[in-house]
Amino acid sequence: MNAIKKQAHIAGVLYVLASITAVFAWVYVNGKVFVQDDATATANNVRASEILLRLGIASELIGSIIFIFVVLALYRLFKAVSEKHAMTMAVLLLISTPISLLSVLGELAALIVAGRGNFSSTFDQHQLDSLGYLFFRLHGQALVVSQIFWGLWLFPFGVLVVRSQFIPRFLGYLLWIAAFGHLANSAVALLSPANRQGVAQFADPLQMAELPIIFWLLIWGARVAPVPAATSASDFSVQAPRP
């Protein structure tokens, strides 16, 4: 198998694994546990679904670690296209990794509060529920900060795809669209939280424009032109002139 095609498949497999763990943790688990603007319901869900929440935390950590190898695989794939853009892409995504890893501290703190340790005797139940809800919100805000870099890294990634000639250009344009979706969601969450839901209706579909490149790398890898067959020796033979 061509080396470029193989490297693209490796990046695709890792990309899918990281995405699956992220969806499980941030969409499924958080959707089951966190209840917007309801500290009591959220605290009850934490106590009732401790194992599920711990699985979600593990998935977040595993996904963030896998994404380190995703960006390394992509760097190797696109380094020959433009080392400057490949390095920029890698740095921007790697910046988000420690933020994502540390964000799970909010969920772990919510579990500690829900477990009612020795310190909890100084708080009543309503205060403990509110404290756990606050920790969950901090987890979400950390992911909002990470999302800035999830958007920014897609710009140099898109440039590399457009210039590569071994992956269709339109996938690079879609990456730029996805980047605007991530940045719009993170910007409104930080600057105007009251409008977050309204903006998300338009920004969330834009973020989905990142999916095609994931499946392309997984299924097709890279579109590499076949190497011309070596010209046979008979093509270069000189025939003796006839008398």
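## Overall fold

The secondary structure of the protein chain amounts to nine helices and zero strands, where helices are DSSP runs of H or I with at least four residues, strands are runs of E with at least two, and numbering starts from the N terminus. Along the sequence, the elements follow the pattern α-α-α-α-α-α-α-α-α.

This is a predicted model, in which local features need pLDDT of at least 70 and side-chain atom pairs count only at pLDDT 80 or more, while totals for chains, interfaces and linings use all residues. Residues are numbered from 1 along each chain as its sequence is written, and side-chain values use heavy atoms, leaving out hydrogens and water.

## Burial, surface and contacts

Of the 243 residues in the protein chain, 43% are buried, meaning under 20% relative accessible area with a 1.4 Å probe, protein chains only. The chain exposes about 13300 Å², of which carbon and sulfur atoms supply 68%, the areas coming from the Shrake-Rupley method with a 1.4 Å probe.

Among contacts (heavy atoms within 4.5 Å) between residues at least 6 apart in sequence, 78% join residues at least 24 apart.

## The pairing of α7 and α8

The axes of helix α7 (residues 169–191) and helix α8 (residues 196–207) come within 7 Å and cross at roughly 160°, the axes being lines fitted to C-alpha atoms over the stretch in contact and the angles running from 0 to 180 degrees between N-to-C directions. The two helices are therefore roughly antiparallel to each other, a term for angles over 145 degrees.

The contact involves I177, A178, G181, H182, A184, N185, V188 and A189 of α7, together with R196, V199, A200, A203, D204, L206 and Q207 of α8.

How values were computed:
Angles under 35 degrees count as roughly parallel, over 145 as roughly antiparallel, 65 to 115 as roughly perpendicular and the rest as oblique. Buried means under 20% relative accessible area, exposed over 50%, partly exposed in between (1.4 Å probe, protein chains only).
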